[in-house]
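Visitor: I would like to go through this model strand by strand. Please show the structure, then take my questions.

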Amino acid sequence: MRIINLEHHSDLPIGSVRPVFEDFVKFGEAHPLITRVEKINDSEAVFFESVRILGIVPHKFSYRAKLEKNDGGDHFVMKAEPKPGVFLELEFDLRPNGEGTRINERISIGASSLTAWFLGRAVVKSHRELVENIGKS
């Protein structure tokens, strides 16, 4: 299991950041690799992603994701199996930080070492872009 901890900062207040993490469609709109979201219900959706393997080979795939959130709180957990045998758990904890928001993220990847390394790099890069994209759409 590969664990990555990140801290992101947004200049936007928590009330503007929270909707991206509690709604699959808004999360998909801000995420640079997600091309489409099919929402099943408030806690389940199908993500369609388009990536380039090694920056060259285009690869499209889809997977089902589940969202757990604490009612009225600012802690969100997304779980997915993007490929058979590859497990991804994303925990987001939002906290006010002055006028902005601090987002602590814990990424847990269950996969072979090489797959976990590549997936970890892709998730870190895309989630930094995701936070930058909040409020732009």
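Guide: Helices (H or I, at least four residues) and strands (E, at least two) are DSSP runs, numbered from the N terminus. This is a predicted model, with residues numbered from 1 along each chain as its sequence is written. Local features need pLDDT of at least 70, side-chain atom pairs pLDDT 80 or more, while totals for chains, interfaces and linings use all residues, and side-chain values use heavy atoms without hydrogens or water. With that settled, P58 lies in strand β4.

Visitor: Is P58 buried or exposed?
Guide: Buried means under 20% relative accessible area, exposed over 50% and partly exposed in between (1.4 Å probe, protein chains only). P58 has a relative accessible area of 59%, so P58 is exposed.

Visitor: Which residues does P58 touch, not counting those up to four places away in sequence?
Guide: Contact means heavy atoms within 4.5 Å. With residues up to four places away set aside, the partners of P58 are V51 and R52.

Visitor: How far apart are P58 and V124 in space?
Guide: Along the sequence, 66 residues separate P58 from V124. In space, C-alpha to C-alpha, the distance is 19 Å.

Visitor: In what order do the seven strands form the sheet?
Guide: Two strands pair if DSSP finds at least two bridges between them. Here the sheet is open and the pairing is antiparallel. The order of its seven strands is β1-β7-β6-β5-β4-β3-β2.

Visitor: Which strands stand at the edges?
Guide: An edge strand here has a single partner strand, so one side is left without a neighbour in the sheet. That holds for β1 (2-10) and β2.

Visitor: How many residues does the hairpin from β2 to β3 run through?
Guide: Strand β2 covers residues 34-41 and strand β3 covers residues 44-53. They pair in the antiparallel sense over six bridges. I34 stands opposite E49 of β3. The hairpin joins β2 to β3 through two residues.

Visitor: In β6, which residue is the bridge partner of F76?
Guide: Strand β5 (residues 75-83) and strand β6 (residues 86-97) run antiparallel, joined by seven bridges. In β6, F76 has as its bridge partner F92.

Visitor: Which strands does helix α3 lie across?
Guide: Helix α1 (residues 14-22) lies across β1, β4 (57-69), β5, β6 and β7. Helix α3 spans residues 113-133. The strands that α3 lies across are β1, β6 and β7.

Visitor: How many salt bridges does the count come to?
Guide: A salt bridge is a side-chain nitrogen of Lys or Arg within 4 Å of a carboxyl oxygen of Asp or Glu. A network of them links D23, K39 and D42. By this rule the count comes to ten.

Visitor: Which residue meets R64 in a salt bridge?
Guide: R64 lies in strand β4 and its partner in strand β3, so the pair ties together parts that are 20 residues apart in sequence. R64 is partly exposed, with a relative accessible area of 47%. The N to O distance is 2.7 Å, and the partner is E44.

Visitor: How far apart are the closest N and O atoms of K79 and E89?
Guide: K79 is partly exposed at 35% relative accessible area. E89 also counts as partly exposed, at 24%. K79 sits in strand β5 and E89 in strand β6, ten residues apart. Their salt bridge has its closest N and O atoms at 3.7 Å.

Visitor: With which residue does R106 form a salt bridge?
Guide: R106 is partly exposed, with a relative accessible area of 35%. R106 lies in β7 and its partner in β6, so the pair ties together parts that are 15 residues apart in sequence. The closest N and O atoms are 3.9 Å apart, and the partner is E91.

Visitor: Where is E105 placed?
Guide: E105 is buried yet has no salt bridge. Its contacts, beyond four places in sequence, include H8, F92 and H127. The place of E105 is in strand β7.

Visitor: How far apart are I40 and A65 in space?
Guide: I40 is found in strand β2. I40 is partly exposed, with a relative accessible area of 40%. Beyond four places in sequence, I40 is in contact with A45, V46 and R64. A65 is 25 residues away in sequence, and the C-alpha to C-alpha distance from I40 is 9.8 Å.

Notes. Lys and Arg count as positive and Asp and Glu as negative; His and the chain ends are not counted. Axes are lines fitted to C-alpha atoms, for helices over the stretch in contact, and angles run from 0 to 180 degrees between N-to-C directions.
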